[in-house]
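Please look over the structure below before reading the points.

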Amino acid sequence: MLRPYGRRNMDRQQIIDRLFDHYERPRHYGHLEGADMVHAGGIPDCGDTITLYLRFDPAGEALAGLSFEGRGCTISQAAASLLCEQLQGAPLSAVDALDDQAVLDMLGREVVRARPRCATLALNTLKSALARHRAGRG
């Protein structure tokens with residue numbers, strides 16, 4: 001589901017430049033009007049935080065809208081931007097199929113391998129939000 005942004009053709013510096021671009025100019029950043037759910041997550045020992053705004057399709061089976069706000073390192077914030085960009089309109093089943101390894105591949109494993117918790121913060125926060133949604137606690 002997640003696209004590595006043509007990463008196979010990217011060298012290490014291009015991967016770093018892409019992460020900085022998403023950090024400095026995040027996509028889908030800010031409050032989402034009409035959000036059905038707001039869900040926060042973070043990494044207490046490093047201080048990175050993510051707040052996700054989710055809007056579901058009428059059946060509650062797809063992400064009709066997804067945005068974020070947060071503070072933290074380049075990796076955690078760029079990962080949130082990339083994830084929100086790629087999961088617009090995605091069925092929840094596609095999100096369920098994602099794992100940490102898919103996010104590391106999307107970001108550029110060789111660049112983010114020293115910070116896997118930062119790299120996967122947005123995905124883990126999103127999965128927690130979906131568990132809450134399914135439990136009817138939206």
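1. A nonpolar core is a set of buried Ala, Val, Leu, Ile, Met, Phe, Trp, Tyr and Cys residues joined through side-chain atoms within 4.5 Å. Buried stands for under 20% relative accessible area, exposed for over 50%, and partly exposed for what lies in between (1.4 Å probe, protein chains only). In the largest such core, which has 39 residues, Leu 54, Leu 87, Leu 107 and Leu 126 touch the most other members. The element that gives the most to this core is helix 6 (residues 116-134), with 8 residues.

2. On the basis of the note: the model is predicted, so local features need pLDDT of at least 70 and side-chain atom pairs count only at pLDDT 80 or more, while totals for chains, interfaces and linings use all residues. Residues are numbered from 1 along each chain as its sequence is written, and side-chain values use heavy atoms, with hydrogens and water left out.

3. Helix 2 (residues 74-86) and helix 4 (residues 100-107) have axes that come within 11 Å and cross at roughly 100 degrees. Helix 2 is therefore roughly perpendicular to helix 4 (the term covers 65 to 115 degrees). Helices here are DSSP runs of H or I with at least four residues, and strands are runs of E with at least two, numbered from the N terminus. Axes are lines fitted to C-alpha atoms, for helices over the stretch in contact, and angles run from 0 to 180 degrees between N-to-C directions.

4. Which residues make the contact between helix 2 and helix 4? Helix 2 supplies Ala 79, Leu 82, Leu 83 and Gln 86, and helix 4 supplies Val 103, Met 106 and Leu 107 (contact: heavy atoms within 4.5 Å). Of these residues, 6 are nonpolar, 1 is polar and none is charged.

5. The whole structure holds 7 salt bridges (a side-chain nitrogen of Lys or Arg within 4 Å of a carboxyl oxygen of Asp or Glu). One of them joins Asp 45 and Arg 117 at 2.8 Å, N to O. This pair links distant parts of the chain, 72 residues apart: Asp 45 sits in the loop between strand 1 (37-43) and strand 2 (48-56), and Arg 117 in helix 6. Asp 45 is exposed, at 62% relative accessible area, whereas Arg 117 is partly exposed at 47%.

6. Arg 109 and Asp 105 also form a salt bridge, at 2.9 Å from N to O. Arg 109 is partly exposed at 29% relative accessibility, and Asp 105 is partly exposed at 32%. Elsewhere, salt bridges with shared partners join Asp 21, Glu 24, Arg 25, Arg 27 and Glu 85 into one network.

Terms used:
Parallel < 35°, antiparallel > 145°, perpendicular 65-115°, else oblique. Nonpolar A, V, L, I, M, F, W, Y, C, P; charged D, E, K, R; others polar.
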